[in-house]
Amino acid sequence: IGEPRFDSGLALLDNSRPPFDPLMPLLPEGVCWIINRAFSCESRVLRQCHANGITGYMLSQTVFSFLYVHALPDIDPDTISTHHHDSDRTIPVELVSVVLRASVLGLLKCCDLAWRELVKGNVYDCEDWQSDKCDVPMSEAYPVSRILGILDEACVWVRNSSRVRSTWRTALTHCLVLRKVTLVELFSALLSKDYFRFRPLIEMACVMLQHVRTSPPPPPRSCSPAPRAFDPQFPRVLVSAFPLQPIQLPEQSKVWDALAGLLDSLEQLSVLIEIPNLSTWDVVGTLRVWQPRPNQSLAYVRSTFQSAIYENGIILNKYLQKHAVDCFLMEALQIPYDSFISSFQTRWVGPDSLPLRHIERTITELLIGRIKSHWYNPPRRRRYCMKSLFDWHELYATLMDVQKHLAPVQSGTDVVMSLRSVVLVRRLETISDIVLSGFQLSLYSVNERPLAYWYLVRVLEQHLTCLDEIIEVLPSKQRIYSMPCSEFQFRARYLTALQALSLALFAVTVKTMGSSWERLRLNFLRRYKWAFMHEYEDFDVPPVGHPNFLAFTTSCSVILQDKEFSPGEQAELAERLLRGSTTAPGRMAGPWTPDRMEFVSKMAEVCRDLRRLPKSMDELRTWDVEQLVWDPDVHPWFPVMRNRS
């Protein structure tokens, strides 16, 4: 109660609406308009998650407000009396009993298929979507083949009908084919993981969508019965777990935009599923988080990506769990899985059994969990990252302990030592994600921003050190041409730029802190409580990369007294590094390299804007910090300068 999407208060039903008759004759353009508006109901169900909040509605507020959903027995062609067939020869009843009924059955089957995907648990009920069916059947008993057959029969009737003008025959056919191909066949292929069927289905769906968008039916007249097919108050008579508020369906253009975004997302999945490198999945997922595209954060899409990544013990629908460890080693160190196993077994001199299976299982769980988390909603992804930090540290501590019971390496690379650096890189990446997500979600108060930027600088310093260590142990002959080396070199330049800009903003925002040190310390303990879990005390190895409030206070005093430090020059340095990164964008992004470069270029533009920061700390004393505006829609992490009037 109180949630505006659900709270209906004590409002009574509107009895002024004319009664709904499911067999009332409809003109072809009216049927076409109803089918298009039914897509609006569906787009509301496929709940979207945005960077700063989640919006979405229940089936009862959307699809179940479409009255033909509840009137399917009344419009069954086998049960309609001859009276309706003979009542008006100019308006055939088959427009309702054949065409509209087929579309409604297709709509319900799509909802059923989407519900089956969403109920897997990849997204969360009542958080990402609503599972309440209100005891309304959704064509569960109909096999997909039967629904496709009904839609085909409707298409045949439309093409052969002489009582429907050719213009509307074409428009109705496009609507039916869009429903058949786009959602019924595509959703069915997703559920069965027939990814090889995606591309032809998506191509056909895009063509049909373009036809439907360019030939919209006219709005129904005031005397038309078509608008009566939608009653936003009808869900109040359904059995529901929540009080429901009537809602308005979105504009049709926004509905088609959402459908186009759905198709584009699934097209990306069809390309990505053919790429075995989990690092590419990680890069693409990270881009999705930091640079979200409109209409590409549907809960249904996020669930399908997670199902493709890992389900029932299978990775990418074809690999065993060993594939995760193989990718973890090859894509970072160019070490084959067999060499990894051999190095452990031949060097082990410990009294107990080698904890190899535990290490493999932990790597698999953490790597797959990290990649899947990119398709969580932003708040839940942040919470997952916080929880995973302890597991990364446990793995790091295990490798440290294993190192003590291994014979020294006579020649070549120490696999365990190198693996520790890779684990540490992953953990530091996760810490950076937590800090940066606080900016994207607008969690930080004015007093917390300096600490967040300072902490990010410290974490990135350790991250860059680990990257240098990994690059050094790569095979010398492969350093220039190997995929890991080029990727790590790109990341080193990018992270250095990120560090420089964060340091500049730390220096500029220090003067905005208005609370006492004691108040700031309490805020620090609350914001970074994940770093102070008692479970860390169970390990002899101290966690790497955790924040230190005393070091922060010291840095604040030092930076304010550093007369040679220039925030503006740091922004210029960051811009130069980012511009240089576009010439060597790394090789892990694959087909998404242009998207990565777009993100880097946008960040370089922010740096260009922030070159107007003070040129010295003396200048900062009179500089107006209120010029900085943090807007996640402009950039997820950094502010821009307010335009001067």
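**Figure 1. Surroundings of arginine 382.** Leaving aside residues up to four places away in sequence, arginine 382 touches Ile434, Ser437, Gly438, Leu441, Leu443, Tyr444 and Arg527, a contact being heavy atoms within 4.5 Å. The model is predicted: local features need pLDDT of at least 70, side-chain atom pairs count only at pLDDT 80 or more, and totals for chains, interfaces and linings use all residues. Residues are numbered from 1 along each chain as its sequence is written, and side-chain values use heavy atoms, with hydrogens and water left out. The residue shown, arginine 382, sits in helix α13 (residues 378–404); helices (H or I, at least four residues) and strands (E, at least two) are DSSP runs, numbered from the N terminus. Arginine 382 is buried but has no salt bridge. Its nearest side chain of opposite charge belongs to glutamate 448, 7.8 Å away. Here buried means under 20% relative accessible area, exposed over 50%, and partly exposed in between (1.4 Å probe, protein chains only). A salt bridge is a side-chain nitrogen of Lys or Arg within 4 Å of a carboxyl oxygen of Asp or Glu. For charge, Lys and Arg count as positive and Asp and Glu as negative, while His and the chain ends are not counted.

**Figure 2. Salt bridge between arginine 293 and glutamate 598.** The closest N and O atoms of this pair are 2.9 Å apart. The two residues link distant parts of the chain, 305 residues apart: arginine 293 lies in the loop between α8 (278–290) and α9 (299–309), and glutamate 598 in helix α20 (residues 593–609). Arginine 293 is partly exposed because its relative accessibility is 30%. Glutamate 598, with a relative accessible area of 27%, is also partly exposed. The loop between α8 and α9 also holds asparagine 295. Phi of asparagine 295 is near 65°, a positive value in a residue other than glycine.

Figure 3. Arginine 357 has a relative accessible area of 55%, so it counts as exposed. Glutamate 360, at 8% relative accessibility, counts as buried.

**Figure 4. Salt bridge between arginine 611 and glutamate 575.** In this pair the closest N and O atoms are 3.1 Å apart. The pair links distant parts of the chain, with arginine 611 in the loop between α20 and α21 (617–620) and glutamate 575 in helix α19 (residues 567–581), 36 residues apart. Arginine 611 is partly exposed at 31% relative accessibility, whereas glutamate 575 is buried at 7%.

**Figure 5. A network of salt bridges with shared partners.** Asp282, Arg370, Arg381, Arg426, Glu429, Asp433, Glu487, Arg491 and Arg596 are joined into one network. Side chains of opposite charge can pair when their charged atoms come close. A search of the whole structure finds 40 salt bridges.

**Figure 6. Loop residues serine 139 and serine 162.** Serine 139 is in the loop between α3 (94–118) and α4. Phi of serine 139 is near 60°, which is a positive value in a residue other than glycine. With a relative accessible area of 7%, serine 139 is buried. Serine 162 is in the loop between α4 (144–160) and α5 (166–192). Serine 162 counts as exposed because its relative accessibility is 73%. From C-alpha to C-alpha, serine 162 lies 64 Å from aspartate 609, and the two are 447 residues apart in sequence.

**Figure 7. Residues 48–54, shown with values for the chain.** Over residues 48–54 pLDDT stays under 50; pLDDT is the predictor's confidence in each residue, from 0 to 100. The model has 24 contacts beyond four places in sequence for this segment. Where pLDDT is low, the predicted coordinates should not be read in detail. The protein chain averages a pLDDT of 89, and 92% of the residues score at least 70. The protein chain has 21 helices and six strands, and its C-alpha trace spans about 90 × 65 × 45 Å along the principal axes. Of the 645 residues in the chain, 58% are buried. Among contacts in the chain with a separation of 6 or more, 80% are between residues 24 or more positions apart.
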